[in-house]
Amino acid sequence: EFRRVLFRSEGFRKMFKNNNLKLASVGVVLSLTAGLALAQNYPLKSVRIIVPFAPGGATDIVARLIGQRLNESWGQTIVVDNRGGAGGNIGGELAAKSPPDGYTLFMTSGSIVTANQHIYRKMPFDPEKDLVAITGAASGPQLIGVHPTLPAKSLKDFIAMAKAKPKSFSFGSAGFSTQTHLSGENFMHAAGIDSVHIPYKGEGPALIDLVAGQIIFATPNMAAAIGFVQQNKLRALAVTSKERAKQLPDVPAVAETIPGFENIGWFGLMAPAGTPSAVIRRVHEDTTKSLQSVDFVSRLAQLGMVPYLRDPQALTQAIKAESAHWAKIAKARNLVVN
């Protein structure tokens with residue numbers, strides 16, 4: 001119907017009076033107009049957001065917050081599909097190989113598209129070629145969390161205990177090469193300590209075991225762990241932002257013990273390569289509106305996060321820059337998965 005109206009328009013008929021107009025030009029015009037029509041009508045059905053971790057972690061929390069607001073904006077169901085495992089690669093592969101029609105989106109944590117390719121020797125997909133950036137979503141620090149029964153009352157005490165008994169501490173994460181793993185590796189590298197890494201399929205399960213005393217420490221995203229800290233089920237020794245977090249003012253920054261240290265995690269929306277650019281723009285614009293709303297910013301603040309506003313081009317450049325950083329950390333810590 002859109003094309004029929006287009007051909008009937010006076011402007012379009014005049015354009016075709018030039019007999020030298022090439023058929024290729026017709027294809028370009030139709031492609032552009034079809035893309036605009038697609039973006040205007042999108043979405044016509046439910047949209048799936050793949051979360052590459054188990055429920056309960058920061059990636060899952062951010063996806064559900066955004067999904068709720070897109071549901072209100074679009075009037076369509078947003079389905080959060082948790083596919084944990086392999087440091088996020090299982091969910092990443094599923095997203096990368098999904099139809100590029102705009103009805104499958106991917107809520108990534110930064111490490112999946114910046115670090116995994118430097119750690120996993122056999123990647124099931126190519127983050128750079130198989131996925132396209134849509135928008136940044138949220139960012140925030142991690143925290144150094146231990147079970148309340150651990151004698152260490154400060155980060156300095158904890159580091160001293162770890163150095164006195166090398167590799168005696170068990171360290172849990174959301175999975176090998178995830179943000180919560182790499183933040184821990186970054187911290188241990190800076191502190192000069194080591195531990196036995198125990199990977200889970202998400203930071204939610206890792207936090208459950210930490211609270212239960214099954215592991216000694218973890219470096220979860222603050223958004224996922226802050227509730228446990230406030231309920232005194234978890235002791236936060238430090239936060240990984242350069243300065244103390246407003247939500248936990250009594251918890252020092254790691255930088256107060258290790259000068260210059262900082263580790264910030266981020267989350268963003270991506271889509272399978274080949275997804276129409278008009279749809280990418282539509283999702284970016286509508287998500288950005290949500291990220292800038294007062295209630296959304298307030299909710300993120302409660303979790304120790306802030307909006308991570310990046311358009312597709314800026315997010316793509318940020319991914320490339322961070323990828324170079326994690327390549328160095330992976331080599332220094334000998335992080336390899338065969």
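Guide: This is a predicted model. Begin with the open sheet of five strands, ordered β7-β6-β8-β5-β9, in which the pairing is mixed. β7 and β9 (235-239) are the edge strands, each pairing on one side only.

Visitor: In which sense do β6 and β7 pair?

Guide: Strand β6 (residues 170-173) and strand β7 (residues 196-199) are parallel, with four bridges between them. Serine 170 faces valine 196 of β7.

Visitor: How many bridges join β5 to β8?

Guide: Two bridges link strand β5 (residues 143-146) with strand β8 (residues 217-218), and these strands run antiparallel. Glycine 145 has alanine 218 in β8 as its bridge partner. Helix α9 (residues 155-164) packs on the sheet, where α9 touches β5, β8 and β9. The direction of α9 makes about 100° with that of β9.

Visitor: How is a pair of packed helices described?

Guide: The angle between the axes and the distance between them describe two packed helices. Here the axes of helix α11 (residues 203-211) and helix α12 (residues 222-230) come within 10 Å and cross at roughly 25°. α11 and α12 are therefore roughly parallel to each other. The crossing of α11 past α12 is right-handed.

Visitor: Which residues of α11 and α12 meet?

Guide: Glu203, Leu207 and Val211 in α11 meet Ala224, Ala225 and Phe228 in α12. By class, this contact of α11 with α12 has five nonpolar residues, one charged and no polar.

How values were computed. Residues numbered from 1 in each chain as written. Predicted model: local features only at pLDDT ≥ 70, side-chain atom pairs only at ≥ 80, totals over all residues. Heavy atoms only, no water. Axes fitted to C-alpha atoms, helices over the stretch in contact; angles between N-to-C directions. Parallel < 35°, antiparallel > 145°, perpendicular 65-115°, else oblique. Left-handed = near helix turned anticlockwise from the far one by under 90°. Contact = heavy atoms within 4.5 Å. Nonpolar A, V, L, I, M, F, W, Y, C, P; charged D, E, K, R; others polar. Pairing = 2+ DSSP bridges.
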